[in-house]
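Go through it in running paragraphs, one region at a time.

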Amino acid sequence: MKLDLLTALARRISQKQSCAWVADTRGSAYAMADSGGASGSLALSDAQLTEVRRMMAADTSGFLPDSTLFVRVYGVAPRLIVVGAVHIAQALVPIAKLAGFEVIVIDPRAAFLASSKLAGATAIEDWPDDGMAKARPDARTAVVTLTHDPKLDDPALAAALRSPAFYIGALGSRKTHAKRLQRLKGDGFDDAALARIHGPVGLDINAVSPAEIAVSIVAQLVATLRAEAK
């Protein structure tokens, strides 16, 4: 049983899936936990499993409160999917990578991808809906659209809204964002779903240049990510 769990743990780690190993320091009981639940010889209460998941989100190992259960978290780097290899992306990619994000850039325009300085980001040359299907955003993924083109941004936002992505942002003015929300509402998304989109994207720091906008976006990503972990 333990070998089976250790094999499953190793598989999740190799597949870059966040998980945790929970062991009772007073004996030999253990469990492996992931987003789907926990299994093993150690029974975890709902409250304990909730705390393990919080620790996974925070990428923090340690003892569960008031217990002898030690949690070893095997975290994965948060991901940022950028739609549009535009000027702001050239600033956003390196700043996000410095903040610890794995970055993926999606754009169907080969010339844009070839001419952009993407600083080692993974490039997906495809239409956003297909690119998003390949990237498979999860609860440790943020999605930011930058193209200003509804043909590119809207399919990406729709895919993000159908995913558990922890952050969704879209570049554009408030007027542009209002029109965007109307289009997405026409595609069947309700107000609660649309409220997940940060638009205009980024913290309001009166950013003007691409680099300043990139800073505001990454700051908002980090704030949202850390809030999720509390």
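Predicted model: local features only at pLDDT ≥ 70, side-chain atom pairs only at ≥ 80, totals over all residues.

The buried residues in H5 are Pro128, Gly131, Met132 and Ala135. They lie on the same side of H5, because the arc they cover around the axis is only 100°. Among the elements that cover these buried residues are strand S6 (79-83), strand S7 (102-106), S8, strand S9 (141-145) and helix H6 (150-161). After H5 comes Arg136, which has a positive phi, near 50°.

The loop between strand S8 (122-124) and helix H5 (128-135) contains Asp126. Asp126 has a relative accessible area of 15%, so it counts as buried, the limit for that being under 20%. Leaving aside residues up to four places away in sequence, Asp126 touches Ile106, Asp107, Pro108, Gly131 and Lys134. Of these, Gly131 is one of the buried residues of H5.

Another part of the model is a sheet. Five strands form an open sheet in the order S3-S2-S1-S5-S4, and their pairing is antiparallel. At its edges are strand S3 (37-40) and strand S4 (62-63), each of which pairs on one side only. Within the sheet, strand S1 (residues 19-24) pairs with strand S5 (residues 69-74) in the antiparallel sense over six bridges. Ala20 has Val73 in S5 as its bridge partner.

The last topic is charge. Side chains of opposite charge can pair when their charged atoms come close. The model has eight salt bridges, and three of them can be followed here by residue. Asp24 and Arg26 form a salt bridge in which the closest N and O atoms are 3.7 Å apart. Asp24 is buried, because its relative accessibility is 15%, whereas Arg26, at 70%, is exposed.

A salt bridge also links Lys151 and Asp149, with the closest N and O atoms 3.3 Å apart. Lys151 has a relative accessible area of 58% and is therefore exposed; Asp149, with 22%, is partly exposed. Asp191 and Lys185 meet through their side chains in a salt bridge of 2.8 Å, N to O. Here Asp191 counts as exposed at 54% relative accessibility, and Lys185 counts as partly exposed at 37%.

Note on methods:
Residues numbered from 1 in each chain as written. Heavy atoms only, no water. Helix = DSSP H or I, 4+ residues; strand = E, 2+ residues; numbered from the N terminus. Buried < 20%, exposed > 50% of the residue type's maximum accessible area, 1.4 Å probe, protein only. Contact = heavy atoms within 4.5 Å. Pairing = 2+ DSSP bridges. Arc of directions from axis to C-beta. Salt bridge = Lys/Arg side-chain N within 4 Å of Asp/Glu carboxyl O.
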